[in-house]
Amino acid sequence: MSTSPNGSPRVAIVTGAARGIGAATALRLAQDGFAVAVIDLREDDARGTVEAIEAAGGRALAVGADVGDAEQVQAAVGRIADELGPPVVLVNNAGVTRDNMLFKMSDVDWDVVMRVHLRGSFLMTRAAQEHMIEAKFGRIVNLSSTSALGNRGQANYATAKAGLQGFTKTLAIELGKFGVTANSIAPGFIQTEMTRATAERIGEEWESYVAKRAAAIPVARAGVPEDIAHTVSFLVSEGAGFVSGQVIYVAGGPRT
Ligand code: CAA
């Protein structure tokens, strides 16, 4: 059970939590005892995750917000603080892909990916950090990717995911003395709607796409969202206070 010194449940925010890694993380943090704010673009989309948390006996709030929009972020974090309590855990998970070869990549496809991952994580973290400083406790987890090491067709996404690693290390340096840690998780191949959409887009059958990817993974299986949720659970725990500024590759094998 994760409680603040006054005994009330700690509040966690997970962005992009309607589906996939975000939804699994929100569910896991609720199981760990957090009250969870489930942010996604539309409040209606976030409701499914909230209902799943409530059905399991947890507490959650659906919040619709575009993380790239400063006013919407400010309003969302304010509402979360009012309705659930001050957020002291932030998982910046919201993300999009707009894959294409560099020579065919549009300005818009570059900007959209930067806006959601980089501007979104910056705005969310800037808004949430004051509650962490006040509480003298905070945990920030930014979702990077193995694509940060380079991936064909992902000049935009790889750049954003590498950028989040630098962002994470800087947060760790600036916020450490206030009891706030910042870490990054870099997932490898995880079975989600996003990777399913990639397979569909490039015309590969899902089962063979997964099997091909799994064959290149040392633990001989593809990842599932719960693999990432488990790592988030550790990083935001009370006992992980001496782990900060790290990038953990959760990819079924080593990455450099
Ligand atoms: N100028 C001119 N021509 C060029 C060029 C340039 N600068 N660079 C390459 N070309 C040519 C190539 O030579 C090739 O020509 P030929 O076909 O004549 O050989 C052509 O342009 C492009 O070839 P492709 O057919 O391979 O390219 P494509 O446009 O069909 O798409 C791709 C390639 C974008 C990589 C596409 O296959 C794709 O989207 N793949 C998936 C990418 C991926 O791995 N995404 C990860 C999703 S999972 C995720 O994101 C989650 C996570 O965190 C890991």
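**Figure 1. The crossing of helices H3 and H4 is right-handed.** A crossing is called right-handed if the near helix is turned clockwise from the far one by less than a right angle, and left-handed if anticlockwise. The structure is a predicted model, in which local features need pLDDT of at least 70 and side-chain atom pairs count only at pLDDT 80 or more, while totals for chains, interfaces and linings use all residues. Residues are numbered from 1 along each chain as its sequence is written, and side-chain values use heavy atoms, with hydrogens and water left out. Helices (H or I, at least four residues) and strands (E, at least two) are DSSP runs, numbered from the N terminus. Helix H3 covers residues 70-83, and its axis lies 10 Å from that of H4, at an angle of about 35 degrees. Axes are lines fitted to C-alpha atoms, for helices over the stretch in contact, and angles run from 0 to 180 degrees between N-to-C directions. On the H3 side the contact is made by Ala 70, Val 73, Gln 74, Val 77 and Ala 81, which meet Arg 119, Leu 123, Met 124, Ala 127, Ala 128 and His 131 of H4. Contact means heavy atoms within 4.5 Å.

**Figure 2. Helices H1 and H8 also pack against each other.** H1 spans residues 20-31 and H8 residues 225-235. H1 passes H8 in a right-handed crossing. From H1, the residues in contact are Gly 20, Ile 21, Ala 24, Thr 25, Arg 28 and Leu 29, and those from H8 include Ile 228, Ala 229 and Val 232.

**Figure 3. Phe 189, Trp 206 and Tyr 209 form one aromatic cluster.** A search of the whole structure finds three aromatic pairs. One of them joins Phe 189 and Trp 206, with 6.3 Å between the centres and a tilted arrangement at 45 degrees between the planes. Rings of Phe, Tyr and Trp (its six-membered ring) pair if their centres lie within 6.5 Å; planes under 30 degrees apart count as stacked, over 60 as edge-to-face and the rest as tilted. Phe 189 lies in the loop between strand S6 (180-187) and helix H6 (193-201), and Trp 206 in helix H7 (residues 206-215), so the pair ties together parts that are 17 residues apart in sequence. A second tilted pair is made by Trp 206 and Tyr 209, with 6.2 Å centre to centre and 35 degrees between the planes. Trp 206 and Tyr 209 are three residues apart in H7, about one helical turn. Phe 189 is buried at 9% relative accessibility. Trp 206, at 11%, is buried, and Tyr 209 is buried too. Buried means under 20% relative accessible area, exposed over 50%, and partly exposed in between (1.4 Å probe, protein chains only).

**Figure 4. Arg 10 lies over the face of Phe 137.** The distance to the ring centre is 3.6 Å. A charge sits over a ring if NZ of Lys or CZ of Arg is within 6 Å of the ring centre and within 35 degrees of the ring normal.

**Figure 5. Lys 136 and Ala 220 have positive phi values.** Phi of Lys 136, a residue other than glycine, is near 55 degrees. Lys 136 lies in the loop between helix H4 (107-135) and strand S5 (138-143), and is exposed, with a relative accessible area of 64%. For Ala 220, phi is near 65 degrees. Ala 220 lies in the loop between H7 and H8 and is exposed at 60%.

**Figure 6. Val 63 and Leu 90 are buried strand residues.** Val 63 belongs to strand S3 (residues 60-64) and has a relative accessible area of 2%. Leaving aside neighbours within four places in sequence, Val 63 is in contact with residues including Val 38, Ile 39, Ala 76 and Ile 80. Leu 90 lies in strand S4 (residues 87-92) and has 0% relative accessibility. With neighbours within four places in sequence left aside, the contacts of Leu 90 include Ile 13, Met 124, Ala 128 and Ile 140. The C-alpha atoms of Leu 90 and Gln 129 are 8.8 Å apart, and the two residues are separated by 39 residues along the chain.
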